[in-house]
Amino acid sequence: MTDTTSQIRVRFAPSPTGYVHIGSLRTALFEFLFARKNNGKLVLRIEDTDRTRLVEGAVDNLLKVMKQLGIEFDEGFYLDENNQVKERGELAPYLQSQRLPLYQKHALELISKGHAYYCFCSEERLEEVRKEQVALKKPPMYDRKCRNLTKEQIEEEMAKIREQGRNPVVRFAIPLEGQTVIHDLIYGDITYENKILDDHVLLKSDGFPTYHLAVVIDDHFMQISHIIRGEEWMPSTPKHVLLYQAFNWQIPLMAHIPLIVNPDKTKLSKRQGDVAVEDFLNKGYLKEALVNFVAFLGWNPKTEQEIFSMQDLISQFDLAKINKAAAIFDTNKLDWMNGLYIRSRTDRELTDLLIPYWQKSGVDTQKFKRGFLEAITVLEKERLKKLSEIGERTKYFFALPEYDASLLVWKKADATDAKNKLSMLTDLLSGFSENKFIKAELEKEIKDFIANNNFDNGSVLWPMRAALTGMQASPPPFDVAAVLALGYGKDEVIKRLQTGMDKL
RNA sequence: GGCCCAUUCGUCUAGUGGCUAGGACAUCUGGUUUUCAGCCAGGUAACAGGAGUUCGAUUCUCCUAUGGGCUACCA
């Protein structure tokens, strides 16, 4: 362990929207990896300054999802052993709505230093100004009407606005000329002309700060060393830099990460499919697959390794390897990866994972022996891409589906032949003792039977499989028969063969 | 409209002033196989366009195009 003099501290600062966006997960993951890799700390700060958009239970949900995926926060909020949301860290509170006095104090400080000013303009006037500017094809910006009011005018306006039961806002007095350069660890240096920057609001009339004020103050006091956030924030960074300069504070290092986008390249949105991590978890994507896949959106190790555990990611993560272009969120590769991770689970683990999905599809798993469920799991293990598929794929183990007689007919044979083979098979299997109903025995006996009679494999195996499953596709008939016998006894196998025969 | 960012196979991406531009997913073909899956072996498929710099540009520069982000008392 090296003790760096300047501790690396990063923060994940979501607003509580109620669900975890894939993009948020990627940001949090990169921050987590960066912190762990560099022996730093990850802070969770909740940005709840928009009172109109509060969602009950959002923090709770966020923490649950992150915990499931293996992302933990060193400071801020966490889930205790009873899954209750708790706060920890010396720089508390980590909820912005509980830090109001700090923001107000600093807004006042900026006013006294001439870096900010009260604005008394009504929303209506602002709207009008904006309309006019748009009509004139000018960039819509605040016209700075209140920027140069005299002391007397301010007092007058203040009295007026108070009478109406309103409060002024505080706006940032952006320097009228000059340039602001931001040094981005990923995108390099970017220069902005100050004159195109708006005198944005710092403190709203409800006494809450806007994002811009709060983020600068909190990052400063929470001693954040690296700001890692989505590219959509890039245009507001010059404002933040100017704020740091106005306060005379040291500017943290910045790293903007490229957007994750829809197939049509617009910002990844709810409208075009699932974007909530919860949805993916519910559909039966494994946390390892989700983490592995999301990590590769905009980052890669520059080697040909693609399968990464969280530990691998931590040891190889490097901000310098993040690329600049947006990545399309295409779940194709995620499906493949998920299949890989499913196959890497033990039969036992996978069965545990699968049980809730069976229950969701209406199977009363309590009624069955564990060994039976695990045997089914083994059959499906290499076929499964998502856990949620299990109900549909294995329904025939719980009730023989309705199927058409034509299903029983192998493509190179006819119905009479199918009926014949099923009949012979029934006779053969009826003669077997219960303990012969295991895969190896069944396979050997049936293959011998086929060979001795010079039948085509398919002419026997296809109708057998179809009669046992009622499905177009399934694991091989020996496996199905063995598992069926394990769950219900050999009679069930015989019965299904007879049911098939009767259909023909 | 203004500002900013980006551009290598369909997708995620590697890569270099001179390479048959590499890998993975997807897709296609073949093999194993009663079906499906898996596995194995192959195939198709990309440097947005134009100038310039250079002996030589996918790579460096500029322009254009296209796409995207931002432009609130939202974050």
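Residues count from 1 along each chain as its sequence is written, while chains are lettered from A and ligands numbered from 1 in the order in which they are written. In this predicted model, local features need pLDDT of at least 70 and side-chain atom pairs count only at pLDDT 80 or more, but totals for chains, interfaces and linings use all residues.

**View 1. Chain A is divided into four named domains.** Domain 1 covers 9–96 + 260–328. Domain 2 covers 99–257. Domain 3 is 347–387, and domain 4 is 405–503. The bounds come from an automatic or database domain assignment. Between the C-alpha centres of domain 1 and domain 3 lie 29 Å.

**View 2. RNA strand B is surrounded by 61 residues.** A residue is near the strand if its C-beta atom, placed from the backbone, lies within 6 Å of it. The closest are Glu47, Pro139, Asn457, Ala473 and Pro476. Several elements give two or more residues to this surface, including helix 4 (123–135), strand 13 (327–328) and helix 11 (332–343). Helices (H or I, at least four residues) and strands (E, at least two) are DSSP runs, numbered from the N terminus. Helix 17 gives the largest share, five residues. By class, the surface has 26 nonpolar, 15 polar and 20 charged residues. Ala, Val, Leu, Ile, Met, Phe, Trp, Tyr, Cys and Pro count as nonpolar; Asp, Glu, Lys and Arg count as charged; the others, Gly among them, are polar.

**View 3. Strand 7 and strand 8 form a hairpin.** Three residues lie between them. The two strands run antiparallel, joined by six bridges. Strands pair if DSSP finds at least two bridges between them. Isoleucine 182 stands opposite isoleucine 190 in strand 8. Strand 8 (residues 188–193) lies largely in the open, because zero of its six residues are buried. Buried means that 20 or more other C-beta atoms, placed from the backbone, lie within 10 Å of the residue's own.

**View 4. Three strands make an open sheet in the order 5-6-9.** The pairing is antiparallel. Strand 5 (116–119) and strand 9 (201–203) stand at the edges with a single partner strand each, so one side of each has no neighbour in the sheet. Four bridges join strand 5 to strand 6. Cysteine 119 stands opposite valine 169 in strand 6.

**View 5. Helix 16 has 15 residues (439–453).** From first C-alpha to last, helix 16 reaches 21 Å, close to the 21 Å expected at 1.5 Å a residue. The expected span is 1.5 Å times one less than the number of residues. Asparagine 454 follows helix 16, with a positive phi near 60 degrees.

Methods
A residue is buried if 20 or more other C-beta atoms lie within 10 Å of its own, exposed if 12 or fewer, and partly exposed in between; C-beta atoms are placed from the backbone.
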